[in-house]
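Dear colleague,

Please find below the structure that I am handing over to you. My findings follow it.

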Amino acid sequence: MKGISMMSMRSGFTWSVIGLCAGLLISIEARGQAPSPGATLFEKRCYSCHNIGSGDKKGPDLKGVTLRRSRDWLHEYIKSPAAMNRRGDPEARALFKKFAPEVMPDQDITDEQIDAILALIDELTRKNETFVPAGAKLSRPVTPADIDLGRQLFVGRRALSNGGPACISCHTVSGVGRLGGGTLGPDLTAVNVKYRDPELIAILQNPNFPTMKTVFGTRPLTDEEIVQLFAYLQNVKPAHPTTQALAGIARIEPWFVTIGFVVLLGAIIGLNVIWKSRLRGVREPLVRRSTS
Amino acid sequence: MMDNLLFVIFPYAAVLLAVVATAQRYFKSGFSYSSLSSQFLESGELFYGSVAWHFGIIAVLIGHLIGLLFPERVLWFNGVPVRLYILESTGLLFGLLALVGIVSLLVRRIVSARVRAVTTPMDVIVLVLLLIQVALGVYTAIFYRWGSSWYAAVAVPYLRSLLALRPDVQLIAPLPWVVKLHIVNAYLLVAIFGFSRLVHMLVFPVQYLWRPYQLVIWNWNRWRIRGQAPALSQQPVEASEPIREPMTRRRPAFTR
Amino acid sequence: MDVRLQISMVFHLDKCIGCHTCSIACKNVWTDRKGAEYMWWNNVETKPGTGYPTAWEDQSKYKGGWEQRNGQPELRMGRKSSRLINLFHNPHLPKLDDYYEPWTYRYEDLFDSPEGADQPTARPISMITGKPIDIEAGPNWDDDLGGSPVYAANDPNLEGFSPEQREELFDVERLVFFYLPRICNHCLNPACVAACPSGAIYKRGEDGIVLINQERCRAWRMCVTACPYKKTYYNWSTGKSEKCILCFPRLETGQAPACFHSCVGRIRYLGALLYDADRLLETLNVADEKLVEAHRELILDPFDPYVQAEALKNGIDDQAIEAAQRSPVYKYVKEWRLALPLHPEFRTLPMLFYVPPLLPVMARAEQGLYDTSDKELFAPIDKARVPMEYLARLFAGGNVELVRYSLKKQYAVRLFKRMDTVGDIDRALVKRALQEVEASEDEAEQIFRLTSLPTMTERFVIPPSHREEALAMLTQDLWEEKGGAGLGFREPPTRGA
């Protein structure tokens with residue numbers, strides 16, 4: 001994990017500079033457009049998992065969805081996909097099946113808000129444009145120093161100001177610690193490959209994923225922290241170009257398990273040593289001794 | 001809906017059931033409060049089973065409790081990855097120890113004829129539920145690491161919301177089914193607590209540490225009955241007497 | 001002076017015929033329940049022998065009783081904290097197999113066997129599992145020296161004996177053994193009380209009986225290890241520990257305990273003793289050989305007016321003091337110094353005393369002939385077939401003089417009565433004998449009467465327990481008790497879930 005050669009370090013650095021510049025450009029480009037209400041809502045609530053016109057993410061690309069499904073269906077589904085699935089709606093079932101294990105959480109959303117979002121989708125579909133998040137911009141340009149600061153935040157060395165837990169609690173990236181990071185959430189090594197920069201920034205601002213939504217809902221990242229984490233996450237894959245980020249979650253760290261078992265063995269031996277003079281019977285050994 | 005049932009209604013019902021059943025059993029049939037030791041019948045395997053199990057599970061439960069009481073401290077402690085790894089490794093060790101213990105106990109209870117003779121269905125249920133609980137816990141620790149951190153971040157707020165009577169199930173609803181089963185199984189164990197041998201946890205004799213060695217009980221207040229005042233040498237012995245004193249006197253009491 | 005009453009016992013081992021009636025009486029009254037089949041609150045052992053449980057006297061294995069550590073008595077099991085840590089598995093708990101696996105016979109086999117060429121037999125089956133077992137041990141497996149190369153040869157009291165001394169004991173023509181009936185000693189410094197983590201065992205103040213509160217017992221099974229006499233037993237079915245209760249329901253109604261009452265040889269004596277609880281600690285701290293004497297010092301003279309005054313002040317009623325004055329135990333233990341406690345070096349201050357057996361000391365075999373006379377006065381004592389050392393290890397903490405004194409006195413009484421009834425012994429000889437044991441003829445006569453011709457009321461002097469006073473304490477208003485349902489509703493003691 002940590003065996004970074006001088007070559008890859010330098011190339012990693014190069015890549016990170018390129019990535020930073022790209023991010024800077026995109027963030028500048030996205031600046032200055034006043035977003036519509038639907039766009040604000042979409043960005044905040046849906047963008048973590050859905051694109052419009054850029055392909056499936058965790059959830060399906062929503063371009064043209066108003067043409068595919070009826071308004072009523074959409075209203076009902078958005079409010080509670082699970083209920084529709086349970087009810088046995090064939091389209092809901094098909095969606096659940098296609099995107100399993102991802103599950104769209106129930107949304108606490110009004111009909112007016114849904115209409116605003118659908119209006120946005122209509123507009124972009126009509127104009128054949130892709131959705132670009134408005135707020136997905138960094139508060140300031142990234143500097144190389146931010147990479148290490150971001151790592152400190154990731155690992156929990158420095159606590160997040162609003163009280164959120166450190167990323168390493170649930171996420172791992174290549175090279176973080178000898179035994180890696182958490183595996184409750186997905187491996188974030190290639191997250192900058194999976195998500196384009198605006199998406200990544202949007203996620204950092206509003207992680208609308210199931211568990212993260214509730215944990216970070218009341219404890220969002222500050223702008224400064226977003227910049228630093230963005231820098232760090234951008235740098236991970238370039239710094240470890242050869243490691244494969246495994247899809248999905250639940251990956252074992254062999255060293256961790258090995259340590260556990262070795263110490264377990266030691267503990268059991270220790271128990272035997274501490275209590276080695278425990279009574280193992282008096283009569284039977286006596287009879288055996290005397291009759292042998 | 002299912003989440004609400006399992007993670008909001010069930011815990012409250014389980015706690016209520018546990019409190020009522022435990023208290024009622026203590027006062028009405030205190031005789032049944034016993035750790036029901038079977039060491040006399042089979043001692044060899046029990047050593048590995050009981051000692052490993054108890055040491056393991058007590059450490060694990062204390063860990064869970066510390067997480068419940070001081071989640072921010074835990075997260076701060078885990079801020080240095082090495083510390084996180086040490087904590088998690090220690091936790092895994094005790095979890096595995098508990099696992100080894102409970103498997104050993106369960107196998108022993110099934111295989112040993114003498115122990116079978118004193119086994120009730122509830123004993124087996126308790127062992128199986130505990131095995132499931134520990135197995136799921138160890139699985140979580142290995143596959144969904146780092147449990148100590150996200151337990152403090154995700155599960156503890158949920159548990160606290162339960163304790164504050166403002167349950168928020170959204171925190172744990174999206175967790176993997178293994179973790180959710182671990183939580184539900186815990187509630188199940190709480191629910192059957194008062195009906196099983198688990199009550200022996202409540203009567204752990206911590207008072208033994210400061211109790212004087214000897215215990216003498218009079219069935220009646222001799223001085224009141226006989227109408228005599230106690231002589232000077234008969235001053236009631238306080239509990240602060242040195243432990244070495246072989247004889248001491250307890251306040252007259254009738255054991256009810 | 002903290003005067004307390006203790007119901008104490010004397011067993012006269014010269015009279016014990018080893019019929020085990022006492023064991024059966026107790027078994028039928030108290031321990032024929034599920035979980036208690038293997039328990040023998042009263043058991044009779046053959047000495048030399050390993051006893052029940054096997055080799056119980058070997059405290060290096062069983063870790064029972066107290067020992068002196070840093071000048072203070074401490075449980076041999078270990079410190080309090082170690083008892084709590086060992087709660088999950090007591091490393092010094094004797095196994096069931098050290099007692100024996102209780103068995104019965106499948107009598108149905110006698111009726112239900114299919115027709116065949118062989119006689120049907122009733123197979124032995126375990127009372128725990130119900131499965132057929134091979135019988136390997138019983139509560140008195142080495143009774144009458146059965147299996148002596150295995151059991152008696154490993155008697156813990158023989159440790160350190162030279163091969164010649166062991167020869168003496170096991171040589172066929174010089175073979176000798178005696179019986180040792182044992183019950184709970186209801187000690188003054190019980191190790192079981194001290195070891196119980198939940199405080200379920202307690203000593204009753206009124207009469208000194210040690211009991212286990214069945215509601216408070218939590219099956220931590222520390223008491224089983226702690227008792228050096230192994231007289232607390234774990235009930236494997238109910239998950240509670242049990243022990244001899246000295247038949248306190250009988251005592252409270254003026255009847256002797258079941259084992260005492262049923263004793264065929266009439267070896268058992270029961271009486272009250274007054275002792276000074278303030279001096280317990282100093283008594284415990286003396287050296288092994290001095291323990292018996294210190295123990296005797298602890299026992300107070302019920303005729304002493306100062307003691308009587310203190311006893312009355314302490315709430316002991318005058319009828320109890322009067323019972324202490326008539327106590328046969330006081331005579332055997334304090335006045336005549338004939339009775340000795342069992343293994344005083346365990347430092348529990350047991351209140352059950354034994355009169356060591358004279359055994360067939362009168363006859364020595366010489367060239368195939370028995371010679372019943374002797375030129376030397378007490379020669380038969382020193383040439384007794386059971387080595388004095390052995391008896392001293394059992395009864396006097398190694399102090400041979402105490403045992404010798406007791407045996408000499410018994411022998412002197414014999415000489416006295418032989419002179420009296422047979423007349424073939426010189427009176428001067430008898431006088432010298434009595435002088436040497438510091439006894440008058442009157443005392444010798446008393447000893448004779450109490451040993452050989454006691455009535456039941458002379459043997460069992462039970463102080464009245466005045467339960468009606470306890471009742472007055474329990475309910476402030478006796479009208480409440482009158483017309484009530486007696487002791488209240490009780491659930492039958494069943495095993496917890």
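Which order do the strands of the open sheet of three strands have? The order is S1(B)-S8(C)-S9(C), and the pairing is mixed. Please note that this is a predicted model. Strand S1 (216-217) of chain B and strand S9 (210-212) of chain C are the edge strands, each with a single partner, so one side of each has no neighbour in the sheet. Between strand S8 (residues 201-204) of chain C and S9(C), the pairing is antiparallel and runs over three bridges. Within this pairing, C:Ile201 lies opposite C:Ile212 of S9(C).

As to chain C overall, 23 helices and 17 strands are found in it. Its radius of gyration is 24 Å, close to the 23 Å that the globule rule gives for 497 residues, so chain C is as compact as a globular protein of that length. Along the principal axes, its C-alpha atoms fill a box of roughly 75 × 75 × 50 Å. Of its 497 residues, 51% count as buried. Among contacts in chain C with a separation of 6 or more, 69% join residues 24 or more positions apart.

I turn now to the contact between chains A and B. Chain A contributes 34 residues to it and chain B 29 residues. On the chain B side, at least two residues each come from helices H2 (44-69), H3 (71-77), H4 (81-111), H6 (121-143) and H7 (147-163). H4(B) gives the most to this side, with eight residues.

With kind regards

Definitions and conventions: Residues numbered from 1 in each chain as written. Chains lettered and ligands numbered in written order. Predicted model: local features only at pLDDT ≥ 70, side-chain atom pairs only at ≥ 80, totals over all residues. Helix = DSSP H or I, 4+ residues; strand = E, 2+ residues; numbered from the N terminus. Rg over C-alpha atoms; globule rule 2.2 N^0.38 Å. Buried ≥ 20, exposed ≤ 12 C-beta atoms within 10 Å, placed from the backbone. Contact = placed C-beta atoms within 7 Å. Pairing = 2+ DSSP bridges.
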